[in-house]
Amino acid sequence: MRSLIDVLDLTVNEIDELIEVANDIIANPDKYSEKCKGKKLATLFYEPSTRTRLSFTAAMMELGGNVLGFSEASSSSAMKGESVADTAKMLSCYADIIAMRSPKEGAPFVAAKAATIPVINAGDGGHCHPTQTLGDLLTIKREVGRLNNLTVGFCGDLKYGRTVHSFINALSRYENIKIVLISPEELKLPNYVKYEVLDKNNMEYRETTSLEEAIPTLDVLYMTRIQQERFVDIDEYNRLKDSYILTLDKLANAKKSLAIMHPLPRVNEISVKVDEDERACYFKQALYGKYMRMALILKLLKEAEDKKKEERFSLDDVVINQYICTNPRCITSTEQELDHIFRCVDKEHNIFRCIYCEKRAN
Ligand code: CP
């Protein structure tokens, strides 16, 4: 069954097609208003969400389909100890497609392996958030006009920011992308993204702690929230939470064509006064996310009808229970029956990563 767990599960051509469909939906919404008549989307949200869950809901409704699900783990049988795999099997009896958000990294992948219907990763812990990335790409395409030849600044929590990790992965496949990583020392981009995405794809990038210094060079500024829920130490969160606040003053030297993006929710990192600036794209970005989710639902349901099979990677490159994943946020830490499966991502340096959360084998 074809699911969407990571944005790299889609080829660049497939993303182009999704963008084309999303643009057509925007131009001709009536054409799509009954495309999913009789179909049901299950939204399984084990973690809070406003945009992703409700935009998936709106997307399915605007396609003429129905939605069922839960918005917190406490109202599901997860509270009684039901596994993600069993939940996915159950929902395969009740719905046609699943959108799942979980604090556990790899949970949507476990669901996809167990389900007989497509599963969409709606955000898993600090790992990835592919449908946010799809909306981000449509935003840049519509607001900047191109997906190549861009200097993109990422600012804030680059360590735990799943939106950042997914977006950088997606950008690695476009031409002449320069990346500026703006963060406090404590929240720098993880080395695995630097080495295995940026370096591997020969992408030009630099790191800085200064937003003001970076702004004039940027075509896109991607602000992110410092995420309290990812911190173990609340004092560290309080020390870092206001590291970057984008104000109109700071935009004085920015390009006129700059696109200011943010996956939202915002807490304090963009002054509300910036909302009136014509370069502010973040509310449009949330809207574009809905259209890309509509396009994605249509694609995955069509492929399910055509019984298109998906192999996310070759099983020749995996080892089973040879390593134990030590990431406390990995789904293997709670679903005890799961095999610990690692796959070789770099034969030359013998690097193995957990197939669920991408933590490197020790
Ligand atoms: N951008 C995003 O994922 O927002 P929510 O957490 O509100 O879904």
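This is a predicted model: local features need pLDDT of at least 70, side-chain atom pairs count only at pLDDT 80 or more; totals for chains, interfaces and linings use all residues.
Residues are numbered from 1 along each chain as its sequence is written, and side-chain values use heavy atoms, with hydrogens and water left out. Helices (H or I, at least four residues) and strands (E, at least two) are DSSP runs, counted from the N terminus.

**The cavity**

- Rolling a probe the size of a water molecule over the atoms shows where empty space is left.
- A cavity here is a set of points, on a 1 Å grid over the protein atoms alone, where a 1.4 Å probe fits but cannot get out; lining residues have an atom within 4 Å of a point.
- The structure has one cavity of 30 Å³ or more, and the largest cavity comes in at about 80 Å³. That volume is the space filled by probe spheres set on the points, with grid points joined across faces, edges and corners.
- Domain 1 (7-129 + 287-305) and domain 2 (130-285) both give residues to the lining of the largest cavity, so it lies between them. Those domain bounds come from an automatic or database domain assignment.
- Helix 2 (51-62), helix 5 (130-143) and helix 10 (282-305) each put at least two residues into this lining, and helix 10 gives the most, with five.
- Among the lining residues of the largest cavity are Arg 51, Asp 136, His 262, Tyr 282 and Arg 293.
- By class, the lining of the largest cavity has three nonpolar, six polar and three charged residues. Ala, Val, Leu, Ile, Met, Phe, Trp, Tyr, Cys and Pro count as nonpolar, Asp, Glu, Lys and Arg as charged, and the others, Gly among them, as polar.

**The largest pocket**

- A pocket is an open set of points with protein on both sides within 12 Å along at least five of seven lines.
- The largest pocket has a volume of about 530 Å³. Of its 27 lining residues, the closest to the centre are Asp 6, Leu 8, Asn 169, Arg 343 and Glu 358.
- Helix 6 (162-171), helix 7, strand 11 and strand 12 are the elements that give two or more residues to the lining of the largest pocket.
- That lining splits into eleven nonpolar, seven polar and nine charged residues.

**Sheets and strand pairs**

- Two strands pair if DSSP finds at least two bridges between them.
- Four strands make an open, parallel sheet in the order 2-1-3-4. Strand 2 (66-70) and strand 4 (119-124) are the edges, each pairing on one side only.
- Within that sheet, strand 1 (residues 40-45) and strand 3 (residues 97-102) pair over five bridges, and Thr 43 stands opposite Ala 99 in strand 3.
- Strand 11 (residues 341-346) is joined to strand 12 by four bridges. Arg 343, one of the residues closest to the centre of the largest pocket, has Arg 353 as its bridge partner in strand 12.
- Strand 6 (residues 177-182) and strand 7 (residues 204-208) run parallel and are joined by five bridges, with Leu 181 partnered by Glu 207 in strand 7.
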